[in-house]
Amino acid sequence: MSQERPGDNDIIVTERTPLVGTPESPEIPPSTWWKPGRSKSPTLAFISSATTSTPIAYKPATIIGLFYFIIFISSAADAFRQIPMTRIYEDILCHEYYNSTQSQDKPIDEELCKEDVIQSRLAYLFAVLESLNAGISCLVALLWAVVADRIGRKPVYAASSMGMTLSVLLIMIVAWFPRTLPVRSVWISSLAYLCGGSPVMNACVFSILSDIVPESTRSISFMRVHVTSLVGNLISPALSSAMMSSTGPWPVMLFALILWTISTALIGLIPETYHREPLAENAELRSATFKARVLRTLDQLKDTLSIIRIRSVALVLCICFLSLPVLICTFQFMVQFVSKSYQVPLAETGYIQSIYGIAHIVVILLIIPYISSLVVRPTIPSWLRILNESRRDLVLVRWSYAAYVAGTLILGISPSLSVFVLGLVVMSLGSGSASFIKSIAVLHVNPQHRSRLFTLMALLEVASNIWATPALAGLFTLGMRLGGEWIGLPYLGVSLTCIVMLVLALFVRVPTTECYDEESSSD
């Protein structure tokens with residue numbers, strides 16, 4: 001739990017910190033909440049006054065350890081289902097294409113399922129599914145955030161996890177009855193994301209950690225969450241490939257469902273870390289008319305969107321909206337692309353994903369920390385030295401996007417699988433871009449406004465999935481239609497988005513003073 005230490009002047013984050021809106025310290029005047037001359041909206045003022053800091057009897061270290069374990073299982077479960085789900089639905093489409101009368105229990109030879117028409121339909125099927133998942137997640141994310149502030153983090157986190165479990169179950173049910181249910185019925189599984197989905201789960205994870213972890217070690221805890229998720233995503237594709245080679249796709253899919261069920265059940269062991277105690281203002285809020293509540297909500301939304309007026313923040317938000325293709329082109333899409341382009345059985349594509357995962361972790365845990373400390377040392381040559389940490393993050397994020405451009409370009413033109421793997425290794429050098437760009441954006445807003453900034457960034461990243469997955473599927477279909485080297489067109493498209501992100505990053509600036517100016521004039 002957070003405790004106030006001598007010399008701390010910042011707002012103390014406790015187990016009472018709300019998910020939407022941040023608490024205001026009584027000692028800080030309302031005029032300093034955002035920028036000089038601006039004040040907090042009435043709704044936010046009420047939320048702040050309704051929070052208290054009462055000790056809760058639990059051991060933070062135990063909760064954090066359990067949390068890491070749950071995150072590991074959830075990440076592994078999500079990665080486990082990608083390869084078997086691709087093979088199962090590929091076989092269903094293959095039966096439809098060949099008008100096969102044989103039992104669906106007997107899969108068609110995988111080599112016969114690499115026809116362009118089948119692969120195009122498969123890419124389209126998953127593209128629409130991911131877009132629906134992202135769209136529904138965006139629609140309900142803020143609603144669930146409000147619910148979390150009213151009833152607590154734990155129920156919302158559990159509901160989101162149950163939704164993810166239900167989604168996997170619905171996907172399996174549709175695939176189990178291919179002659180009864182049309183293959184496009186798999187899109188119905190997106191309705192499970194009404195329970196929250198991965199964006200809400202991520203928000204709850206960081207909110208619970210913020211409740212129980214002191215500010216001095218919070219960034220380290222967040223990094224450990226990221227690494228734990230990476231490890232889960234790293235080992236799962238290789239294990240999935242090994243299992244599929246001996247058992248087929250269905251036992252692996254069932255194992256993914258079991259992992260999601262275990263992850264959801266373990267949430268019951270986590271105590272609630274957030275409690276609101278109603279104060280006298282509750283009666284006033286309950287007696288407010290519907291019109292007054294709408295006006296409060298609009299005022300709160302207007303206050304949040306005021307961040308966009310800062311040029312560098314607006315550029316960062318644009319980068320967030322373009323960033324998802326870099327991520328999704330290394331997950332399920334890469335499984336299908338590698339299998340089609342290099343005639344690799346789907347059961348073996350997990351090993352290629354694991355190579356990228358290993359490179360990703362090495363970059364995050366070893367290379368980035370070393371370079372980050374190296375470039376600010378006074379002993380290195382002046383042409384390599386960076387004056388301060390803020391300027392360092394800006395330079396490194398530009399280098400990261402340059403690595404993305406080079407890596408995805410290699411992926412798009414690679415003539416062989418070995419060159420493709422080399423492109424993945426080059427691409428992994430940009431792994432720290434998300435952390436760097438968030439660090440830069442934070443410099444432009446006051447601490448009390450940062451949770452709103454992170455919410456906007458997260459929503460834009462999720463919303464980008466609405467267009468990114470269909471765009472990759474469309475480019476994949478076009479590349480197969482053109483034939484030859486054009487099959488790498490999807491990765492050339494990703495390379496183009498990386499170039500745009502790099503150009504936008506060149507116009508991002510860091511503040512030159514401690515105050516949060518609207519925009520600084522130089523780096």
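Modeller: Accessible areas come from the Shrake-Rupley method with a 1.4 Å probe, and for residues only the protein chains shown count as cover. The protein's accessible surface comes to about 23600 Å², with 67% of that belonging to carbon and sulfur atoms. This is a predicted model: local features need pLDDT of at least 70, side-chain atom pairs count only at pLDDT 80 or more, and totals for chains, interfaces and linings use all residues. Residues are numbered from 1 along each chain as its sequence is written, and side-chain values use heavy atoms, leaving out hydrogens and water.

Biologist: Why is I367 called partly exposed?

Modeller: Buried means under 20% relative accessible area, exposed means over 50%, and partly exposed lies in between (1.4 Å probe, protein chains only). I367 has a relative accessible area of 32%, so I367 is partly exposed.

Biologist: What makes the largest nonpolar core a core?

Modeller: A nonpolar core is a set of buried Ala, Val, Leu, Ile, Met, Phe, Trp, Tyr and Cys residues joined through side-chain atoms within 4.5 Å. The largest one has 66 residues, and F67, Y89, Y157 and V186 have the most contacts inside it. Helix α2 gives the largest share, 11 residues.

Biologist: Which residues does Y89 touch, beyond those up to four places away in sequence?

Modeller: Contact means heavy atoms within 4.5 Å. Y89 touches L122, L125, F126, I171, V174, A175, V183 and V186. Apart from this core lies another, of 58 residues, including V326 and Y401.

Definitions and conventions
Helices (H or I, at least four residues) and strands (E, at least two) are DSSP runs, numbered from the N terminus.
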